[in-house]
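Work through the exercises below with the sequence and the 3D structure at hand. Each task is followed by a stepwise solution.

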Amino acid sequence: MARQDWTSEQVKLAFHLYCQLPFGRLHQNNPEIIDLANLIGRSPSAVAMKLVNLASLDPVIIASGRKGLSSASKLDRAIWDEFHADWEGLVLEANRIREALGDTAPTIDPQLLPDYTGQTRAQVVQQRIGQAFFRRTVLSSYHSRCCITGLAEPRLLLASHIVPWGKDQGNRLNPHNGLCLSALYDRAFDQGLITLDEAWRVVLSATLKKPEPALQKHFHSVEGRQIELPERFSPDPQLMQYHREQVFVG
């Protein structure tokens, strides 16, 4: 049987999945790779190979000394370049392609959705799909561990925005605008009570430096600690500078 070239839509779905999987899970036995293979009519091994081809384009993977396959195509590079500048476009396009292939969109109970006043249900669902992509991508990059404490309980972890969701629409789904933080540190970061310096070390606001036992236990103990940087999608220094200057209340 003649070899069938990958289509643009197939590569887009592969890149969408690549972003959400740790490097160590890019193999043909991964259930999510098997599901994508069934959806696009390719073998799991072919999909796994495509994901590893995409890894060969990832500068963070290359810098770490790991290598993907060396057979990335011009189309792979074009898709990589296109969507690294348009994360929301990637999520919307992947969702459109999946629906066209008969993959049903996730069911979301309207009662569980926040009140996005003035938006249609379709718009709200799209936002939730985008948020799910952002969460999965950020958490997988940090191996589902809080980058400050190392806590590895997924139910207590959040994908925290460096520049807040409402302040920069273009970076809402950009994984370089994310940190994996446990709930306590996510809240402190979101409220500007902690930030990170240029060397990715924890900086406390004056409020958290009070000599109280709870603050000493949970915050004084991590002051100056360098975070564990992610496997991929390293936090953007310029976005972190914004957080220090515009969000931090130090």
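**Exercise 1.** Determine which residues of helix H2 meet which residues of helix H3, and classify them.

Solution. Step 1: in this contact, Ile33, Ile34, Leu36, Ala37 and Ile40 of H2 meet Pro44, Val47, Ala48 and Leu51 of H3; contact means heavy atoms within 4.5 Å. Helices (H or I, at least four residues) and strands (E, at least two) are DSSP runs, numbered from the N terminus.
Step 1: by class, the contact of H2 with H3 holds nine nonpolar, no polar and no charged residues. Ala, Val, Leu, Ile, Met, Phe, Trp, Tyr, Cys and Pro count as nonpolar, Asp, Glu, Lys and Arg as charged, and the others, Gly among them, as polar.

The model is predicted: local features need pLDDT of at least 70, side-chain atom pairs count only at pLDDT 80 or more, and totals for chains, interfaces and linings use all residues. Residues are numbered from 1 along each chain as its sequence is written, and side-chain values use heavy atoms, with hydrogens and water left out.

**Exercise 2.** Describe the packing geometry of H2 and H3.

Solution. Step 1: helix H2 (residues 31-40) and helix H3 (residues 44-55) have axes 8 Å apart and pack at an angle of about 110°. Axes are lines fitted to C-alpha atoms, for helices over the stretch in contact, and angles run from 0 to 180 degrees between N-to-C directions.
Step 1: H2 is therefore roughly perpendicular to H3. Angles under 35 degrees count as roughly parallel, over 145 as roughly antiparallel, 65 to 115 as roughly perpendicular and the rest as oblique.
Step 2: the crossing of H2 past H3 is right-handed. A crossing is right-handed if the near helix is turned clockwise from the far one by less than a right angle, and left-handed if anticlockwise.

**Exercise 3.** Which residues have the most contacts inside the largest nonpolar core?

Solution. Step 1: a nonpolar core is a set of buried Ala, Val, Leu, Ile, Met, Phe, Trp, Tyr and Cys residues joined through side-chain atoms within 4.5 Å. Buried means under 20% relative accessible area, exposed over 50%, partly exposed in between (1.4 Å probe, protein chains only).
Step 1: the largest core has 66 residues, and Phe15, Tyr18, Leu51, Ile148, Leu179 and Ile194 have the most contacts inside it. H1 gives the most to this core, with seven residues.
Step 2: Ile148 touches Leu181, Tyr185, Ile194, Val202, Val222, Arg225 and Ile227, not counting residues up to four places away in sequence.

**Exercise 4.** Is Phe233 buried or exposed?

Solution. Step 1: Phe233 lies in the loop between helix H9 (213-218) and helix H10 (237-247).
Step 1: its relative accessibility is 3%, so Phe233 counts as buried.
Step 2: the phi of Phe233 is near 55°, a positive value in a residue other than glycine.
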